[in-house]
Amino acid sequence: MISKKKEQKKEYDKKHYLKNKEPKIKQILEWRENNIERYEETAKKRLNSEKGFMKVLWQSVRASGKHNSFRDFNDFNNHWLKQKNIYGMKCPATGVEMTTKLLFNEKGKFKRCETNISKDRILSSMGYSHQNLIFTSWKYNKAKGDFTPEMARAFLKMVKERYGTDDIR
């Protein structure tokens with residue numbers, strides 16, 4: 001019985017939303033215009049929260065055009081939470097404490113923060129999947145670029161040849 005009532009309410013809400021969608025959007029946009037400072041402040045607060053930050057990353061995964069095997073935001077976010085459970089907020093590659101700071105310049109545009117969480121495809125030639133996605137610091141991900149495992153092996157081989165070890169710090 002409860003399930004049927006929930007379904008009816010869900011259907012009613014959907015119809016109500018569709019019927020009132022245009023006026024509601026107009027009302028929201030008008031409010032934003034009249035309360036721009038308040039809107040920007042709450043948007044920054046939301047985007048700088050961990051969940052808000054992860055939603056921005058999720059949206060960029062969806063918009064990237066790369067193969068994506070995550071079902072939805074919750075699947076993507078759970079992948080992050082599993083990694084966080086293992087490493088905490090530390091970058092698995094560098095050990096640097098990762099952040100969720102969406103910084104804005106004076107024009108309201110995003111600026112990069114090198115310690116921010118970045119979605120990193122381990123193999124750049126493959127899409128986003130549970131196996132291929134790891135969260136690293138933005139600085140590490142940028143430095144890694146399209147470095148392939150073959151390139152990494154070649155680099156380590158050169159270091160070993162020149163220095164007698166591949167453990168240079």
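This is a predicted model: local features need pLDDT of at least 70, side-chain atom pairs count only at pLDDT 80 or more; totals for chains, interfaces and linings use all residues.

User: What does aspartate 75 pair with?

Analyst: Its side chain forms a salt bridge with that of arginine 71, at 3.8 Å from N to O.

User: And arginine 71, is that buried or exposed?

Analyst: Arginine 71 is exposed, with 69% relative accessibility. The cut-off for exposed is over 50%.

User: OK, zooming out. How many salt bridges are there in the whole structure?

Analyst: Searching the whole structure turns up six. One of them joins the side chains of lysine 84 and glutamate 50, with an N to O distance of 2.8 Å.

User: Where do lysine 84 and glutamate 50 lie?

Analyst: Lysine 84 is in helix α4 (residues 73–87) and glutamate 50 is in helix α3 (residues 50–63), so this pair ties together parts 34 residues apart in sequence.

User: How accessible are those two?

Analyst: Lysine 84 is partly exposed at 27% relative accessible area, and glutamate 50 is partly exposed too, at 24%.

User: Switching over, what does lysine 144 bridge to?

Analyst: To aspartate 120: their side chains meet in a salt bridge at 2.7 Å, N to O. Aspartate 120 sits in strand β3 (residues 117–121) and lysine 144 in helix α5 (residues 138–144), so the link ties together parts 24 residues apart in sequence.

User: Are aspartate 120 and lysine 144 buried or exposed?

Analyst: Both aspartate 120 and lysine 144 are buried.

Note on methods:
Residues are numbered from 1 along each chain as its sequence is written. Side-chain values use heavy atoms; hydrogens and water are left out. A salt bridge is a side-chain nitrogen of Lys or Arg within 4 Å of a carboxyl oxygen of Asp or Glu. Helices (H or I, at least four residues) and strands (E, at least two) are DSSP runs, numbered from the N terminus. Buried means under 20% relative accessible area, exposed over 50%, partly exposed in between (1.4 Å probe, protein chains only).
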